[in-house]
Amino acid sequence: DPQETAAAVTSVRAGADWLWRMNQANGRFFPGLNPATRSPLDADHDLRQALATVALADAARFTGDDRLTARAVQSVMSLLTLMFVVLYTRYQSAVL
């Protein structure tokens, strides 16, 4: 049904736009707010960051939106940088 397809595409675009807005300048996604204190959540996990990155990349591929592609690439680079730092630090502590 073309009407259902159009609704699904609109939903994908809305979700992708939300992910785009939640992606911060450092390439990581905002983890959320504690509604009681209106402060950012402390529970930021790399796996959640990676899953949000995959979702944004999928939406970018589906929509063909270069803006989403750029954000997804930025997020991937942020995760790769983090992994490099973690591995390098572990290597340095193992060698010393």
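**Questions about the terms used for this chain**

Student: Why are Phe 84 and Tyr 88 said to be separated by about one helical turn?

Tutor: Phe 84 and Tyr 88 both belong to helix H3 and are 4 residues apart, so about one helical turn separates them. A helix here is a DSSP run of H or I with at least four residues, a strand is an E run of at least two, and numbering goes from the N terminus. This is a predicted model, in which local features need pLDDT of at least 70 and side-chain atom pairs pLDDT 80 or more, while totals for chains, interfaces and linings use all residues. Residues are numbered from 1 along each chain as its sequence is written, and side-chain values use heavy atoms, without hydrogens and water.

Student: Which helices and strands does the chain have, and in what order?

Tutor: The chain has 3 helices and 2 strands, running α-β-β-α-α from the N terminus on.

Student: Why is the pair of Phe 84 and Tyr 88 called stacked?

Tutor: The structure holds 1 aromatic pair. In this pair, of Phe 84 and Tyr 88, the ring centres are 6.0 Å apart and the planes stand at 20°, so the pair is stacked. The rule pairs rings of Phe, Tyr and Trp (its six-membered ring) with centres within 6.5 Å; planes under 30 degrees apart are stacked, over 60 edge-to-face, the rest tilted.

Student: Which salt-bridge partners does Arg 28 have?

Tutor: Arg 28 pairs with Asp 44, with the closest N and O atoms 3.2 Å apart, and with Asp 46 at 2.9 Å, N to O. Arg 28 is in the loop between H1 and E1 and Asp 46 is in helix H2, so this pair ties together parts 18 residues apart in sequence.

Student: Is Arg 28 buried or exposed?

Tutor: Arg 28 has a relative accessible area of 15%, so Arg 28 is buried.

Student: What makes the nonpolar surface patch?

Tutor: Val 73, Val 76, Met 77 and Leu 80 make a patch of about 350 Å². Patch residues have over 30% relative accessible area and no salt bridge; like charges are joined within 9 Å, nonpolar side chains (Val, Leu, Ile, Met, Phe, Trp, Tyr) within 5 Å. Areas come from the Shrake-Rupley method with a 1.4 Å probe; for residues, only the protein chains shown count as cover. Met 77 lies in helix H3 and has 48%, so Met 77 counts as partly exposed.

Methods. A salt bridge is a side-chain nitrogen of Lys or Arg within 4 Å of a carboxyl oxygen of Asp or Glu. Buried means under 20% relative accessible area, exposed over 50%, partly exposed in between (1.4 Å probe, protein chains only).
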